[in-house]
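I opened this entry to keep track of what I looked up. The notes are in the order I made them.

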Amino acid sequence: MTAFIIRNIGQRIILLVFISIIAHTIVHLAPGEPSLVDPANPRMKAEDIQRIRDAFHLDDPMHVQYFYWMRDLFTGQLKSFKDNQPVLAKIWDRFLNSLPLFLVATLITWSIAFPMGIKAAIHRNSAFDRSTTFLSYALISIPGFFLAYILIIFVVQNLNVSVIGRQTFGFEDAGLLFKSMDYVWHLTLPSLMTAITGLAVLSRYVRSQMLEVINQDYIRTARAKGLDEDTVIYRHGLRNALLPFITMFGLMIPGLIGGSVIFETIFAWPGMGRLGYEAILARDFPVILTLNFIAAVLTLIGTLVSDILYAVADPRIKF
């Protein structure tokens, strides 16, 4: 196992280098330049544009720009084109905002989807199965932004609670208890909306995997031995149905970067997804490239964690 981990870490580092080179090339080949982000500004003179290009090495060859980007990234000196602020500091601030949103949404998704999918599989074609199937397809079909606006209107009009942003205006000097409750209110709806689609999709996957497993011979053998139903379902059935979800769990880690641009924009939540969207509009290459690099790192870490968890969940898998 140790040799497998070391070998895979080396392979992923090499792959990460190639990903960074390809991403850097694609971003710089895209139409538009950072110096043209505000062409309507009458104060932007030719010498000002040239000064910007010189400061950020935009006239250097692409491989030289790549070197400067990697050097500044790893030394912490990389600055944003948009506001000349340190890129890593900006990303860290948004990461701290996205982390609770990601954790709560993940907790809601996985803690509800598995019991719902398992029960639907055990009681196939029952009223519960049909109703959860209808609900899942309805949540998948309804546009998320439409449902988000409906929920905002309902909560604000009926509960008289503000849900936009991270805190209610005027609560800056409130006590810790009131500020905490206010933060929870603002966190609830974005987390719920982020979790809804994942909950609907994951519950269908759990149901289909459990339906496939509970008809296997070893499940019938376990029941023939007189084991209680919970042991048969959760110890023998669910464990063998978990392998596809281990892959899904590993690939969820990059969600810390992407987040949900739509819901972060609707709820004015200053997360990383919204930061990436704003950087694309502003052609802020350092922020775009750094977010892409971090997302690649998290993806590679997630796949490595998935490979390790495979061996933990299924002793038949050897490395």
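**Overall fold**

I noted at the start that this is a predicted model. I counted 14 helices and 0 strands in the protein. Read from the N terminus, the elements run α-α-α-α-α-α-α-α-α-α-α-α-α-α. I looked up burial next: of the 319 residues, 39% count as buried. I also checked how far along the chain the contacts reach. Among contacts with a separation of 6 or more, 73% are between residues 24 or more positions apart.

**Aromatic rings**

I searched for ring pairs and found 6 aromatic pairs in the structure. One of them is Trp69 with Phe293, an edge-to-face pair with 6.2 Å centre to centre and 90° between the planes. I then placed the two residues: Trp69 is in helix H3 (residues 62–75) and Phe293 is in helix H14 (residues 285–313). They are 224 residues apart, and the pair links distant parts of the chain. Trp69 counts as buried because its relative accessibility is 6%, under the cut-off of 20%. Phe293 has 12% relative accessibility and therefore counts as buried.

I turned to Trp110 and Phe114, which form a stacked pair at 5.4 Å centre to centre, with 25° between the planes. Trp110 and Phe114 are 4 residues apart in helix H4 (residues 87–122), so about one helical turn separates them. I found Trp110 buried, and Phe114 buried as well.

I also asked which residues form one aromatic cluster. The members are Tyr66, Trp69, Phe74 and Phe293.

I found Lys119 over the face of Phe128, at 4.7 Å from the ring centre.

**Thr290**

I stayed with helix H14, where Thr290 is placed. Is Thr290 buried or exposed? I have it as buried, because its relative accessibility is 1%. Leaving out residues up to four places away in sequence, I listed what Thr290 touches: Trp69, Leu73, Leu78, Val87, Leu88 and Ile91. Trp69 in this list is also a member of the aromatic cluster.

**Helices H6 and H7**

I looked at how helix H6 (residues 144–159) packs with helix H7 (residues 176–213). The angle is about 150° and the axes are 10 Å apart. H6 and H7 are therefore roughly antiparallel to each other, as the angle is over 145 degrees. I recorded the crossing of H6 past H7 as right-handed. Which residues meet there? From H6 I listed Gly144, Leu147, Ala148, Leu151, Ile152, Val155 and Leu159. From H7 the residues are Trp185, Leu189, Met193 and Ile196.

**Positive phi**

I finished with backbone angles. Most residues other than glycine have a negative phi. I noted Asn125 as a residue other than glycine with a positive phi, near 65°. Asn125 lies in the loop between H4 and helix H5 (127–141). I noted Ala268 too, with a positive phi of about 50°. Ala268 sits in the loop between helix H12 (261–266) and helix H13 (272–281). Ala268 counts as partly exposed because its relative accessibility is 26%.

Methods. Residues are numbered from 1 along each chain as its sequence is written. This is a predicted model: local features need pLDDT of at least 70, side-chain atom pairs count only at pLDDT 80 or more; totals for chains, interfaces and linings use all residues. Side-chain values use heavy atoms; hydrogens and water are left out. Rings of Phe, Tyr and Trp (its six-membered ring) pair if their centres lie within 6.5 Å; planes under 30 degrees apart count as stacked, over 60 as edge-to-face and the rest as tilted. Buried means under 20% relative accessible area, exposed over 50%, partly exposed in between (1.4 Å probe, protein chains only). A charge sits over a ring if NZ of Lys or CZ of Arg is within 6 Å of the ring centre and within 35 degrees of the ring normal. Axes are lines fitted to C-alpha atoms, for helices over the stretch in contact, and angles run from 0 to 180 degrees between N-to-C directions. Angles under 35 degrees count as roughly parallel, over 145 as roughly antiparallel, 65 to 115 as roughly perpendicular and the rest as oblique. A crossing is left-handed if the near helix is turned anticlockwise from the far one by less than a right angle, and right-handed if clockwise. Contact means heavy atoms within 4.5 Å.
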